[in-house]
Amino acid sequence: MSRIANAFKDKAFVAFLTGGDPDIAATEEFVMQIVKAGADVIEIGIPFSDPIAEGPVIQSASVRALAAGTTLEGLFQLVSRLRQKTEIPLLFMGYLNPIFNYGYEAFFKRCATVGVDGIIIADLPFEESAEVRQYASVSGVDLISMVAPTSDSARIKQIATDATGFVYVVSSKGVTGVRSGFSDNLNELLAEVKASTNVPAAVGFGIHTPEQAAAMAKQADGVIVGSAIVKIIEKYGREAGEKLYEYVKEMKQAL
Amino acid sequence: MNTNTNGRFGDFGGCYIPEILMGEIVRLEAEYERYKNDADFQKELTTLLNEYAGRPSLLYFAEKMSKDLGGAKVYLKREDLNHTGSHKINNVLGQALLAKKMGKTRVIAETGAGQHGVATATAAALLGLECEVFMGKEDMERQLLNVYRMKLLGTTVHAVTSGSMVLKDAVNETMREWANRMEDTHYVLGSVMGPHPFPMMVRDFQAIISKEARQQILEKEGKLPSVVIACVGGGSNAIGTFYNFIPDASVQLIGCEAAGRGVDTAETAATVATGRLGVFHGMKSLFCQDSDGQIAPVYSISAGLDYPGIGPEHAFLHDSGRAKYVPVTDEEAVQAFEYLAKTEGIICAIESAHAIAHAIKLAGQLSPEESIIVCISGRGDKDVAAIARYRGEDLHE
């Protein structure tokens, strides 16, 4: 059983943080705090100069990470060090250009070598995914697909049928960031996904309170939290470790 | 031919955007395919272009300039004489009309220098659409008059404070807004860039430039020009100026990129000269980027050419050798701006001055039997204060 499949045996808490925010050493410490708090999957954001799917919180994290000199090479080394300490599934989340620039084949080989289990690429829709999928597949790295409330039934079926790892279900329109309400058709969306695939479905975008997480987990196999975590890092900087531990613990317990 | 197959021009193009926008993009493509062959739609658009925007635009023989340069006859395609003062209106009227047909009540747009923002605000006012424009804070400070123009036209202008606060950041923010609200909103993208179908659709709307120019030069000269020249940022006036000449193998096509302070400096926006293949803003094309694939901040005296990428069809024309792209520095462009004003009495946009600069270099090498067409993409009123400052005069709008 893959690390990702294993992580979804119970309701999974998926935690996102931007790699290198405020620096690589801090990210390493934060990941271990989040693991200790009970998270099931970690997504490490590859900072990008122009993150068009992100709200202000993760945009600012990208700016901080790039200002600190974060590179793909630095993130590979980070994952390599984390792999010595934990068996938690580690995913990358990012935008296509840095990956394309590194070279698809080299990128996925390196992912497999250091122990990256999967990748989410925000600006790679299903139609364009073939050029990446072949390399991901050869290296045994799951390419995580996204579905959104604006995806029609035909798209959902197509995307879910080819899904590997888990399906990332976007909770509502817009960019990443905390919000109070979610799409009205979220339950139907989850049902449609589940009808087309056996891989788990996790909901992300906007979830930040234990109550929201608990409500989502009734329908979904997991919840993904990003901006709320990054906000803690924004507020406490290098001292955020303990606060992250407390927050993730509370969220995980709510599932 | 470089016809579009799944949004591809060779390897370039495609549709690389978040899933949240895919449904809307697929719908837009289908609606555009339907209306582009719809006689009523085309008739309505032609009426708007002719009766409202003032088309066809003149193909003006710049006799004094031609004599002075002592070579080929130089013709200027006067897109600066269009309503709102640039070629941007051609695309905007097409997209705004399409948006209305699609049942949209609101349009959003990015703008750099403000020309596309003003054109979109204008079309929105005319067609009764709500309009919001996203503009980098830096650009807003550089182009105060255009910001106020948009306000006069009933548009809300949002200052973009993310990133380097210029054109590419305005595109980012407009895409984010579209992801948030697409059911009643169309994104009027201003150049031949972004995800399919935009590069194809914007090209089709701008192709009127070369459709007219080809006919006009045949009437005046009885033969095709030797060279067609246009400035290139994202590349909408250039593709419009090139398009109907692409099958004419004898016509050389030249795009002039903004080299800023020079292609050997970091302060440049010359994508073909200094960029490389990448995927950004929805398309696979050439981009200025660093060794780690981060999009580079770019610089040009011209806010309209200050973009780190180039439309995918241009990348293809470059790759296939059909068109040539040359860098033109700030200094060369400013000199050409001043030259055209003094020689022909035409104050052109600083963007267009990049194309004039190359025509000045080239005309003398050709014979008087040959002709060159240069696209004057816009008028230069907006640039006067910046040119004065470049020349050391403390002039502010």
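The paragraphs below go through the cavities of this predicted model and the two domains of chain B. Because the model is predicted, local features need pLDDT of at least 70 and side-chain atom pairs count only at pLDDT 80 or more, while totals for chains, interfaces and linings use all residues. Residues are numbered from 1 along each chain as its sequence is written, chains are lettered from A and ligands numbered from 1 in the order in which they are written, and side-chain values use heavy atoms, with hydrogens and water left out.

Chain B is divided into domain 1 (17-49 + 88-202) and domain 2 (54-85 + 207-390), with bounds that come from an automatic or database domain assignment. Their centres, taken over C-alpha atoms, are separated by 23 Å, and the contact (heavy atoms within 4.5 Å) takes 28 residues from domain 1 and 31 residues from domain 2 of chain B. Between them the two domains bury about 2,300 Å², 59% of it on carbon and sulfur atoms, where buried area is the accessible area (1.4 Å probe) that two parts lose on being put together, summed over both. On the side of domain 1, B:L49, B:K168 and B:V192 lose the most area to domain 2, together 23% of what that side buries.

A search of the whole structure finds seven cavities of 30 Å³ or more; a cavity is a set of points on a 1 Å grid over the protein atoms alone where a 1.4 Å probe fits but cannot get out, and lining residues have an atom within 4 Å of a point. The largest cavity has a volume of about 370 Å³, a volume being the space filled by probe spheres set on the points, which are joined across faces, edges and corners. Both domains of chain B give residues to the lining of the largest cavity, so it lies between them. Its lining has 30 residues, of which B:H87, B:K88, B:S236, B:G304 and B:L305 lie nearest the centre, and these 30 divide into nine nonpolar, 17 polar and four charged (Ala, Val, Leu, Ile, Met, Phe, Trp, Tyr, Cys and Pro count as nonpolar, Asp, Glu, Lys and Arg as charged, and the others, Gly among them, as polar). The largest share, three residues, comes from α11(B).

The second largest cavity has a volume of about 150 Å³ and is lined by 14 residues, with A:L124, A:P125, A:F126, A:S145 and A:M146 nearest its centre. By class, this lining has ten nonpolar, two polar and two charged residues.

How values were computed:
1 Å grid on protein atoms, 1.4 Å probe; cavity = no way out; pocket = protein on both sides within 12 Å on 5 of 7 lines; lining within 4 Å. Helix = DSSP H or I, 4+ residues; strand = E, 2+ residues; numbered from the N terminus.
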